[in-house]
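Me: I have a model open and would like to learn how to read its features one at a time. Could you walk me through it?

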Amino acid sequence: MSEQFYEQPFSSRFAAMGDQAEGIFDLIHPKNHELGLNRPPFGMAGMSATMRYVPDRMTRDAFVEVMGFGRGQALKVKHEKFDALQAWATIGPVDLFIYDSHHHRYWEGPLDAWTFAFQDAEEGVYPDNGKTFVSLPADKFPFEPTDVPNV
C-alpha cells in the first residue's frame, strides 16, 4: 500500500496540497475570490500562524478554508491551523470546505461546527516536523456530504 499523504515528507505534501480540493471548490462556487497563500516565492517559517493560514478563498458570506483527504477517509488538521482560523473568525465568518477525492464528495459548514466535532478526534504528530494534528474520520463529520457534479 502506498504511503498516506500525511506520512509523506513536507516537501512532497507542499507541492500538491490543496490544488485538487481548491479546484473542486471553484467548480462548486465559481464566484469566489482567491485569498490564501499558494506556495509564495518566499519562506514562511518566520511568519505567524495567522499569516501562514490565510483562508484559501473568500465568498460574499465568509472566508473559506479548503482542505481535502483521500483513501484514509479522515481529515487531519494541525492545531496551529485551527488556532489561526479562530483568529480569522474574529474578522468575519469562516467556513471549511472539505473534499474527499476518493469518493468525489464534499462537506461545507461553519468553523464552529467543525471545531466542536474535532473535540473528540484522535491526536497525531507529523513525523517530519513534529507538528501536532487532530484526525477526524469522515463518518464523524458534522454535516452530510454532497456528491461533486461532473466528476
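Me: Let me start with the fold. How many helices and strands are there in the protein chain?

Reply: The protein chain has five helices and nine strands; helices (H or I, at least four residues) and strands (E, at least two) are DSSP runs, numbered from the N terminus. Read from the N terminus on, the elements run α-α-β-α-β-β-β-α-β-β-α-β-β-β. Before we go on, two notes on the model. Residues are numbered from 1 along each chain as its sequence is written, and side-chain values use heavy atoms, with hydrogens and water left out. This is a predicted model, in which local features need pLDDT of at least 70 and side-chain atom pairs count only at pLDDT 80 or more, while totals for chains, interfaces and linings use all residues.

Me: What share of the residues of the protein chain count as buried?

Reply: Of the 151 residues, 39% count as buried. Buried means under 20% relative accessible area, exposed over 50%, and partly exposed in between (1.4 Å probe, protein chains only). The protein chain exposes about 8600 Å², and carbon and sulfur atoms supply 52% of that area; accessible areas come from the Shrake-Rupley method with a 1.4 Å probe, and for residues only the protein chains shown count as cover.

Me: How do I read a nonpolar core, and which residues have the most contacts inside the largest one?

Reply: In soluble globular proteins, nonpolar side chains tend to be buried together. A nonpolar core is a set of buried Ala, Val, Leu, Ile, Met, Phe, Trp, Tyr and Cys residues joined through side-chain atoms within 4.5 Å. Here the largest core has 22 residues, and Leu-75, Ile-98, Phe-118 and Phe-141 have the most contacts inside it. At least two residues of this core come from each of strand S3 (63-69), strand S4 (74-78), helix H4 (79-88), strand S5 (94-100), helix H5 (111-117) and strand S8 (132-137). A second, separate core has nine residues, including Ile-24, Val-64, Val-66 and Phe-97.

Me: Which residues is Phe-141 in contact with, leaving aside its neighbours within four places in sequence?

Reply: Contact means heavy atoms within 4.5 Å. With those neighbours left aside, Phe-141 is in contact with Phe-69, Leu-75, Ile-98, Trp-107, Trp-114 and Leu-136. For the chain overall, residues 24 or more positions apart account for 64% of the contacts with a separation of 6 or more.

Me: Now the charged side chains. How many salt bridges does the structure hold?

Reply: The structure holds six salt bridges, each a side-chain nitrogen of Lys or Arg within 4 Å of a carboxyl oxygen of Asp or Glu. In one of them, Arg-57 pairs with Asp-26, the closest N and O atoms being 2.9 Å apart. Arg-57 lies in strand S2 (residues 57-58) and Asp-26 in helix H2 (residues 19-28), so this bridge ties together parts that are 31 residues apart in sequence. Arg-57 is buried at 4% relative accessible area, whereas Asp-26 is partly exposed at 29%.

Me: Is Lys-81, which forms a salt bridge with Glu-65, buried or exposed?

Reply: Lys-81 is buried, with a relative accessible area of 13%, and Glu-65 is buried too, at 4%. Their closest N and O atoms are 2.8 Å apart. This pair links distant parts of the chain, with Lys-81 in helix H4 and Glu-65 in strand S3, 16 residues apart.

Me: Where does Arg-105 lie, and which residue does Arg-105 form a salt bridge with?

Reply: Arg-105 lies in strand S6 (residues 105-110) and forms a salt bridge with Asp-100, the closest N and O atoms being 2.8 Å apart. Arg-105 is buried at 19% relative accessible area, and Asp-100 is buried at 0%. Elsewhere, salt bridges that share partners join Glu-22, Asp-26 and Arg-57 into one network.

Me: Last topic: aromatic rings. How many aromatic pairs does the structure hold?

Reply: A pair of aromatic rings is described by the distance of the centres and the angle of the planes. Rings of Phe, Tyr and Trp (its six-membered ring) pair if their centres lie within 6.5 Å; planes under 30 degrees apart count as stacked, over 60 as edge-to-face and the rest as tilted. The structure holds ten such pairs. The rings of Phe-25 and Phe-97 have centres 5.0 Å apart and planes at 85°, so this pair is edge-to-face. Phe-25 in helix H2 and Phe-97 in strand S5 are 72 residues apart. Tyr-126 and Phe-133 form a tilted pair, 4.6 Å centre to centre with 50° between the planes. One aromatic cluster is formed by Phe-69, Trp-107, Trp-114, Phe-141 and Phe-143.
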